[in-house]
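Q: Could you walk me through this one? I have the picture open, so please go slowly.

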Amino acid sequence: MTQATLDEKILSALRHDASSHISGEELCKIAGVSRAAIWKHIEGLREEGYSIEASPHLGYRLLNIPDRLIPSEIKWKLKTRLFGKEIISYKSVDSTNDIAYGLAEKGLKEGSVILAEEQERGKGRHGRSWISPPKSGIYLSAILRPQIAPSEISKVTLLAAVAAAKAIRDVTGLQAMIKWPNDILVNHKKVCGILIEMKAEQDTAVFVVIGIGVNVNTPVKQLPKGASSLREELKNGAREECISRIELARKLIERLEEDYFLLKKDGFKPIMDEWKHMTDMLGSRVKVVLQNRTFEGLAHNIDPDGALVVRRDAGTLEKILSGDIVMVR
Ligand code: BT5
């Protein structure tokens, strides 16, 4: 039996009824090892940050789990059929998207999730970087193998934005809003960004990597101007404690699966409808920044492929597939 599975057995027995103790003898039976081995593993779990009470007469009781992105903690109570069945979590990586891309090429299956406590070279779009301080944010990449044409990739971006905004709302109650194509804002400040990467062959996507970065408990001074974290925005609303990254990561995975299955079953329309309910940019004045030009206009609509349609001042409609949008206030 490997260390991980024994730890897992002990934890799952402890989690089963966290309000009462479980005797050493019972743990021995469940795990199939000696009392000395149980003790050694309890000590190991404590070193990892678990708070486990040991009382000579009553046995062991789980008091607290560490707020680390531990796969078994995220999987505990995860309500999915496919997503998050495989979760690989790293302490530090260059970019979770790069890891996920490499593993997807080697055949890692759909729904697998890569997480990291820190990214040293977190990626934004168009070669930009994503600041990824340790232990306070979520850096997550999920592998999808959708049957779509490469030209439909915007649909996946919008799907990921809807899923991320809903997960943030579920866990924090904050009014997370979407800004096309890939920003999640709270009080007009960016708290989450999404980077979609794809490997395509001829006319189909071989796999897609959805990368999501969320500033959860991140101190604002570590973030670029215009950015914030969920904790910071909650503080303004008087809640002081840290937000559970485990709970949010679990919710992100659940929402991604739910929306992905919805896309497969009913097509893009329901996702697009939800997207429109979670944005306040349609009808607003925007500056569109493309690689070789910029212009202003009114954000008019999202077209059936997920592109932004902007009405230029001369009245013409322009479809934007990829670019940056600055809100003009
Ligand atoms: C994004 O790009 O917003 C996509 C971010 C995706 C990050 C995730 S984390 C997991 C996965 N692995 C990766 O390597 N990446 C993905 P873009 O729209 O280009 O925005 C980038 C810009 O946002 C930067 O140029 C900064 O101005 C700003 N920025 C950088 N770090 C930020 C942060 N932590 N919070 C808010 N804004 C940030």
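A: Let us begin with the overall layout, where 33 Å separate the centres of domain 1 and domain 2, taken over C-alpha atoms; the domain bounds come from an automatic or database domain assignment. This is a predicted model, in which local features need pLDDT of at least 70 and side-chain atom pairs count only at pLDDT 80 or more, while totals for chains, interfaces and linings use all residues. Residues are numbered from 1 along each chain as its sequence is written, and side-chain values use heavy atoms, with hydrogens and water left out.

Q: And which stretches are the domains?

A: Domain 1 covers 3-64, domain 2 covers 71-277 and domain 3 covers 285-327.

Q: OK, the ligand now: which residues come nearest?

A: There are 26 residues around the ligand, and S95, K123, R128, K190 and N215 come nearest, where a residue counts as near if one of its heavy atoms lies within 4 Å.

Q: What kinds of residues are in that shell?

A: The shell divides into 9 nonpolar, 13 polar and 4 charged residues; here Ala, Val, Leu, Ile, Met, Phe, Trp, Tyr, Cys and Pro count as nonpolar, Asp, Glu, Lys and Arg as charged, and the others, Gly among them, as polar.

Q: What does the side chain of K190 do there?

A: An N or O atom in the side chain of K190 is 2.8 Å from an oxygen atom of the ligand. For N215, a polar side-chain atom lies 2.8 Å from a nitrogen atom of the ligand, whereas at I131 a polar backbone atom is 2.9 Å from a ligand nitrogen.

Q: Which residue has a positive phi, then?

A: K135 has a positive phi of about 65 degrees, although K135 is not a glycine.

Note on methods. Polar contact = N/O pair within 3.5 Å; in protein donor to acceptor, adjacent residues only side chain to side chain.
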